[in-house]
Amino acid sequence: YDIFFQKNKLKNYLEELFIRQAEVDFIEADDLIASYVLESTSVNEEIIIYSRDNDYLQLISEKVSILNPDNFNFLLTHKNFREKKGYILENELLLKCFETDSDNIKGVKGVTRKKLIKFFPDIANKKYLYKDLVDEAYEKQKVKKLKIYESIINASDILYRNAQLMNLKKPFLNEEAKREVKIITHGILSTDRDISNAVTMFMNDGYIQFLPSNEIDYFFSSFYRIMTKEKEYRDVVNNLNI
């Protein structure tokens, strides 16, 4: 099967398994996820982002943590961020803006977060603005001229551009995307979904060859709790509308 066929099949299975999904043309998944996180935390929902993408680090808060698939036994939270990363969470976006990111947005050549922490050690414990870095770079240049200081001082255009492009707390969304995020966050799923539908589709599509029939229930059992929670949420909302 080609990748698009598999993708569509997977989306259909997930619909029946009560997994909320959103897809909007020309809008990056990062922005959709960030918008969902911001919308959900405003109503006091606790969130775990499952990703190895460091772009999401800036979204960590008291209500948002990150689980990396490469280290499944470790949850990165606002409490252990400083210990794990070597700097405070408040400086994540600033440090990120200096580096080329996964979307190939260019950073400041020769300036990495490791070098910034080395030459500006207060970043580890003190909130910094770009202006603070520039002021400190000017002072440090008086003692010893280094390329990194000059690069920081001349980086204003790159930094302000990157701050606009990389700031997930201000995601880029069109009106369709905003509606989708609202639906994903607060909508009520249709009552005709059922996990047995997903099992039937799975078998009819021939994927039974990859999973013995006596293990099908076990394979899908991890979705039971999600299904139960969605039904509980639906009942609560329906009662509030009475």
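The second largest pocket has a volume of about 550 Å³. Its lining is made of 20 residues, and those closest to its centre are Leu-93, Leu-94, Lys-127, Ala-163 and Asn-167. This structure is a predicted model.

- By residue type, the lining of the second largest pocket holds twelve nonpolar, three polar and five charged residues.

**The largest pocket**

- The largest pocket has a volume of about 1600 Å³.
- It is lined by 31 residues, and the closest to its centre are Ile-19, Arg-20, Tyr-36, Glu-45 and Ile-184.
- Four elements each supply at least two residues of this lining: H2, strand E1 (47-50), H9 and helix H12 (224-240).
- The lining of the largest pocket includes 18 nonpolar residues, along with five polar and eight charged ones.

**Salt bridges: the count and a network**

- The model has 16 salt bridges.
- Three residues are linked in a network of salt bridges: Lys-7, Lys-11 and Glu-23.

**A bridge between two helices**

- Lys-182 and Glu-39 form a salt bridge through their side chains, with an N to O distance of 3.1 Å.
- Lys-182 sits in helix H9 (residues 175-186) and Glu-39 in helix H2 (residues 29-41), so this pair ties together parts that are 143 residues apart in sequence.
- Lys-182 has a relative accessible area of 47%, so it is partly exposed.
- Glu-39 counts as buried because its relative accessibility is 19%, and the cut-off for buried is under 20%.

**A bridge from a loop to a helix**

- Arg-113 and Glu-99 also form a salt bridge, and their closest N and O atoms are 3.0 Å apart.
- Arg-113 belongs to helix H5 (residues 113-119), while Glu-99 lies in the loop between helix H4 (92-97) and H5, so the pair ties together parts 14 residues apart in sequence.
- Arg-113 has a relative accessible area of 16%, so it is buried.
- Glu-99 has a relative accessible area of 21%, so it is partly exposed.

- Lys-131 pairs with Asp-135 in a salt bridge, with the closest N and O atoms 2.9 Å apart.
- Both residues lie in helix H6 (residues 130-143). They are four residues apart, which is about one turn of the helix.
- Lys-131 has a relative accessible area of 55%, so it is exposed.
- Asp-135 has a relative accessibility of 35%, so it counts as partly exposed.

- Thr-185 is located in helix H9.
- Its relative accessibility is 9%, so Thr-185 counts as buried.
- Setting aside neighbours within four places in sequence, Thr-185 is in contact with Arg-20, Tyr-36, Glu-39, Ser-40 and Tyr-233.
- Among these contacts, Glu-39 is also the salt-bridge partner of Lys-182.
- Arg-20 and Tyr-36 are contacts of Thr-185 too, and both are among the residues closest to the centre of the largest pocket.

Definitions and conventions:
Residues are numbered from 1 along each chain as its sequence is written. This is a predicted model: local features need pLDDT of at least 70, side-chain atom pairs count only at pLDDT 80 or more; totals for chains, interfaces and linings use all residues. Side-chain values use heavy atoms; hydrogens and water are left out. A salt bridge is a side-chain nitrogen of Lys or Arg within 4 Å of a carboxyl oxygen of Asp or Glu. Buried means under 20% relative accessible area, exposed over 50%, partly exposed in between (1.4 Å probe, protein chains only). On a 1 Å grid over the protein atoms alone, a cavity is a set of points where a 1.4 Å probe fits but cannot get out, and a pocket is an open set with protein on both sides within 12 Å along at least five of seven lines; lining residues have an atom within 4 Å of a point. Grid points are joined across faces, edges and corners, and a volume is the space filled by probe spheres set on the points. Ala, Val, Leu, Ile, Met, Phe, Trp, Tyr, Cys and Pro count as nonpolar, Asp, Glu, Lys and Arg as charged, and the others, Gly among them, as polar. Contact means heavy atoms within 4.5 Å.
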